[in-house]
Amino acid sequence: MNRVTRATVVIAAAMLLLAGCAPSPAPSPTASATADIDVGKSIPFATVDGEELALDACIPGDRSAGPFPSVVLIHGGAFQEGDRSNMLDLCERLAGQGFAAFPIDYRLLPATYPAQIDDTLSAVSWLRQPEQVDRFDIDPEQLSLLGSSAGGIIALSAADRLGLNGTPAASVVTLSAGGDLTADALELGSPDPNLETVVLGYLGCTDITDCTVAAEASPVFN
C-alpha cells in the first residue's frame, strides 16, 4: 500500500470509528495484553514549566508489518478538562487496524494559546526523532493528527504550523472543531454564552471583539 493510500485510510478509519459509531464501553483490563496490540502508558515526551507531558502508545503487535503510519490523538474538553485517556479506546482500535496511535497530553487552562499548539508540536517532534521511530516502528512521514472538539482546533492549528515549518502532517482529521474564533463568527448564529467563555479562555482575552490573537488562532484563516 503506498503512502497516500495509507494516509487516506487513517482518515476513513477515524471517521468510521468516531462519526459513525455509538459510544463504546471502556476497553477491558486485558485489552492491552493481547497479542494483537502493544499498549504503553504514561510515556513522557516533554516537560514545560515544571509540568511533565506524556503520551500513551498503541502499536500493532506484529512488528513485521511495519513501519506503521501513525496518528496523534488530541482529546477535547473545552481546553479545560479531559485527558489523553479519553482517546484510549480509539487508540486501541486504530492499533488493531494496523496504525500506531498516540493520545497525548497538552496544557489545559489557565494555559492559553498557543501553549496547546506548542505541546502538540513537541509531541510530533519527539515521535519523529530517530530513537522513537525505531522504538515504535513508525514512518515519520506518515504521521497524521486527529482531534475532537477543542482537540480539533488544536489539530488544525498544529497542522498549519507543521506545514509552514516544512514538516507537514500526512493528514488531519477533526470532529466538531471551530474554525473561526473571531467576533465575526457571532454573526453566523447565536452561540451558547458558555462557548464564547471557553474561546475567550483559550485565547486569553476578555472581549472577543477586542482580541488581537483571535484571527491568528482561527484555523480558517491559516
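Analyst: A disulfide is a covalent bond between the sulfur atoms of two cysteines. Here a pair of cysteine sulfur atoms within 2.5 Å is taken as a disulfide. In this predicted model, Cys58 and Cys91 form such a bond, with their sulfur atoms 2.0 Å apart. The link of Cys58 and Cys91 is right-handed, with 120° about the S-S bond. Cys58 lies in strand β2 (residues 51–60) and Cys91 in helix α2 (residues 88–96), so the pair, 33 residues apart, links distant parts of the chain. Helices (H or I, at least four residues) and strands (E, at least two) are DSSP runs, numbered from the N terminus.

User: Are Cys58 and Cys91 buried or exposed?

Analyst: Buried means under 20% relative accessible area, exposed over 50%, and partly exposed in between (1.4 Å probe, protein chains only). Cys58 is buried, at a relative accessible area of 0%, and Cys91 is buried, also at 0%.

User: Which cysteine does a disulfide join to Cys205?

Analyst: The partner of Cys205 is Cys211, at an S to S distance of 2.0 Å. Their link is right-handed, with 65° about the S-S bond. Both Cys205 and Cys211 are buried.

User: How many disulfides does the rule give, and what is the pairing in sequence order?

Analyst: The count comes to 2 disulfides. With the bonded cysteines of the protein numbered in sequence order, the pairing is 1-2, 3-4.

User: What rules apply to the numbering and to the values?

Analyst: Residues are numbered from 1 along each chain as its sequence is written, and side-chain values use heavy atoms, leaving out hydrogens and water. As the model is predicted, local features need pLDDT of at least 70 and side-chain atom pairs count only at pLDDT 80 or more, while totals for chains, interfaces and linings use all residues.
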